Amino acid sequence: MPHLGQRTTRAALFSGLALAGTTPAAAQTAEDYQALRRKVEQLQQQLDAVQRALDAARPPVQPTPVAAAAAPAAAVPAPATRPSSQDPLPRPAGTPSITAQGGTSSVPSGYGFRIGDTSFRIAGFVKGDLIFSRYGNGDTATNPLGRELSLPQSIPVGGRRSGILADASAKQSRIAFQTATPVGGQTLTTLIEADFQVAPAVSGGERALNPYSFGLRRAVAGYGGFAMGQDWSNFQYVAALPETADFVGVTDGTVLVRQMLLRYSRPIGGGWTASASIENPETVSAMAGATALSDNDDDSIPDLTGQLLWTGKGASLSVTGLFRSMRVDPATARPAVTAQGYGISLAGIAPLPTGKGDDVRFMMTGGRGIGRYVGVNVAPDVVYEMANDRLVPVPLIAGFAGMRHFWTGTLRSTWMGSFQRIWNPASASPLSTRQVWDTAINLFLSPLPRLDMGVEARLSHRELTNGATGTLERLHFTVKQGF
């Protein structure tokens with residue numbers, strides 16, 4: 001049966017030829033009329049052939065993931081039907097998903113477009129946060145980063161209890177641009193990702209226009225197992241981070257570094273993948289007796305990492321190692337001093353046998369001279385003792401655990417707890433942080449595809465070497481719409 005467009009075209013042709021027949025130059029005989037009719041039928045046959053070719057070339061319509069999300073909330077779907085955080089385009093080897101950090105907003109397959117041989121896709125999310133904070137032992141400066149994120153080192157110590165402080169912004173909204181191009185039998189991939197969570201905040205930014213700076217998160221290209229660019233450190237297993245309203249949620253106990261690197265990843269069978277990287281070095285030091293941390297930019301040897309990752313049946317296990325050669329130039333007549341640092345981290349995801357998609361996520365990290373890799377630099381890498389002209393690496397141990405439970409197919413909760421213990425040398429300041437811990441619980445609802453609404457309650461604690469303490473109580477509301 002002809003399509004509506006074809007019938008319209010046929011009618012237009014007949015009408016035009018009929019009008020042509022009313023002009024003085026038109027043929028008046030029956031033979032001329034029959035010839036015109038045959039010509040129209042030939043044109044119609046050609047249009048039918050073109051339509052059939054277009055129908056054959058058009059891919060079949062695939063069911064959309066929205067149908068699964070539209071199921072009644074009371075009917076808990078199988079874990080395979082829940083929104084997936086995987087990106088449809090290939091990513092540079094070993095590169096985490098765009099949505100791997102800070103939540104589980106799904107990304108529908110098939111989104112994107114193609115120019116020539118290159119597939120393009122724009123993805124990300126819009127995120128709005130309303131945060132109420134109260135500090136138990138002091139107040140904070142204007143626009144501190146710790147009022148927006150869970151940063152244990154920003155908790156005031158030794159003051160009086162603050163009032164309730166309210167903050168709201170959309171600066172954690174994120175956008176990412178991906179490409180994938182077949183080259184030489186493999187795929188060349190690129191990823192550029194940015195958001196507005198840039199420190200320091202604009203001075204006086206909340207008075208009128210609330211401007212925020214657009215900042216680079218990741219920019220990485222991959223081909224044949226190699227990845228080059230700014231990305232999550234190979235020492236970190238991003239997928240183990242729990243779902244949270246906070247930017248990280250378990251900051252105290254997690255490895256958290258994005259930096260320039262060159263990484264190689266290769267499957268080795270049995271669900272195992274091995275990877276190694278050389279990464280940008282940067283020694284963060286404190287002077288003996290002082291609390292301020294300094295970026296030295298004196299390093300000459302890249303940081304080295306290695307990872308073994310196993311995945312299978314919804315579970316994963318990551319073992320990573322780090323070696324560093326740290327260097328500080330005291331800018332005196334003395335030569336630069338060096339010290340070695342190392343660390344090991346164990347992280348993973350373990351599904352629970354509830355049949356609902358529940359799981360446990362965890363990480364445990366320890367080492368010496370790895371302060372900048374853990375907890376967004378609660379501890380320095382080294383303490384510089386000028387009297388002895390030496391660097392003393394600072395030991396620490398940190399970890400977190402989180403358990404997620406699905407109440408229904410669209411309603412879920414995560415409990416998480418994290419800690420970090422630091423052994424400062426005797427030459428360190430008595431005001432240096434000795435330990436921090438944090439616990440939080442949340443409730444998330446996804447009423448529409450890629451829409452996450454959540455509320456999270458948090459309690460954080462900080463203790464100094466001299467025994468002084470500080471606490472933070474926080475209630476965090478968030479809405480995130482992925483695209």
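Me: Let's start with Phe-177. Where does Phe-177 sit?

Reply: Phe-177 has its place in strand 4. Keep in mind that this is a predicted model.

Me: Why is Phe-177 called partly exposed?

Reply: Its relative accessible area is 34%. Buried means under 20% and exposed means over 50%, so a value of 34% for Phe-177 lands in the band in between, partly exposed.

Me: What makes Phe-177 part of a nonpolar surface patch?

Reply: A patch residue needs over 30% relative accessible area and no salt bridge, and nonpolar side chains are joined within 5 Å. Phe-177, at 34%, passes the area cut-off. The patch covers about 790 Å², and its members include Ile-122, Ile-175, Phe-196 and Phe-483 along with Phe-177. Strand 2 and strand 4 each supply at least two of the patch residues.

Me: Now Ser-418. Is Ser-418 buried or exposed, and how do you know?

Reply: Ser-418 has a relative accessible area of 5%. The limit for buried is under 20%, so Ser-418 counts as buried. Ser-418 lies in strand 19, and it touches Val-250, Phe-400 and Trp-437, among others.

Me: And the chain as a whole? How many of its residues count as buried?

Reply: Of the 483 residues, 45% do. The chain has three helices and 22 strands.

Me: What makes a set of residues a nonpolar core?

Reply: They have to be buried, be of a kind such as Val, Leu or Phe, and be joined through side-chain atoms within 4.5 Å. The largest core here has 32 residues, and those touching the most other members are Leu-241, Val-255, Tyr-373, Val-374, Leu-396, Phe-400 and Ile-422. Strand 18 gives the largest share, three residues. Apart from that core lies another one of seven residues, including Met-326 and Val-382.

Me: Why do Arg-161 and Glu-473 count as a salt bridge?

Reply: The rule asks for a side-chain nitrogen of Lys or Arg within 4 Å of a carboxyl oxygen of Asp or Glu. For Arg-161 and Glu-473 the N to O distance is 3.2 Å, so the pair meets the rule. Arg-161 is in the loop between strand 2 and strand 3 and Glu-473 is in strand 22, so the pair ties together parts that are 312 residues apart in sequence. Arg-161 comes to 41% relative accessibility, so it counts as partly exposed. Glu-473, with 31%, is partly exposed too.

Me: What about Glu-193 and Arg-217?

Reply: Their side chains meet at 2.6 Å, N to O, and the limit is 4 Å, so this is also a salt bridge. Both residues are buried. They also belong to a network of salt bridges with Asp-195, Arg-218, Asp-231 and Arg-263.

Me: How do you know that Asp-359 and Arg-404 qualify?

Reply: The N to O distance is 2.9 Å, and the cut-off is 4 Å, so Asp-359 and Arg-404 pass. Asp-359 has a relative accessible area of 5% and Arg-404 has 13%. The buried limit is under 20%, so both labels read buried. By this rule the count comes to 21 salt bridges.

Me: Back to strands. What makes strand 7 and strand 8 a pair?

Reply: Pairing takes at least two bridges. Strand 7 and strand 8 have seven, and they run antiparallel, so they count as paired. In this pairing, Trp-232 stands opposite Arg-258. Strand 8 also pairs with strand 9, over eight bridges and again in the antiparallel sense.

Me: Last one. Why are strand 11 and strand 17 called edge strands?

Reply: Look at the open sheet of four strands, in the order 11-10-16-17. Strand 11 and strand 17 each have a single partner strand, so one side of each is left without a neighbour in the sheet. Inside that order, strand 10 and strand 16 run parallel and are joined by three bridges.

Methods: Residues numbered from 1 in each chain as written. Predicted model: local features only at pLDDT ≥ 70, side-chain atom pairs only at ≥ 80, totals over all residues. Heavy atoms only, no water. Buried < 20%, exposed > 50% of the residue type's maximum accessible area, 1.4 Å probe, protein only. Contact = heavy atoms within 4.5 Å. Patch = residues over 30% accessible without salt bridge, like charges linked within 9 Å, V, L, I, M, F, W, Y side chains within 5 Å. Areas by Shrake-Rupley, 256 points an atom, 1.4 Å probe, with all protein chains shown as cover. Lists of a residue's contacts leave out its neighbours within four places in sequence.
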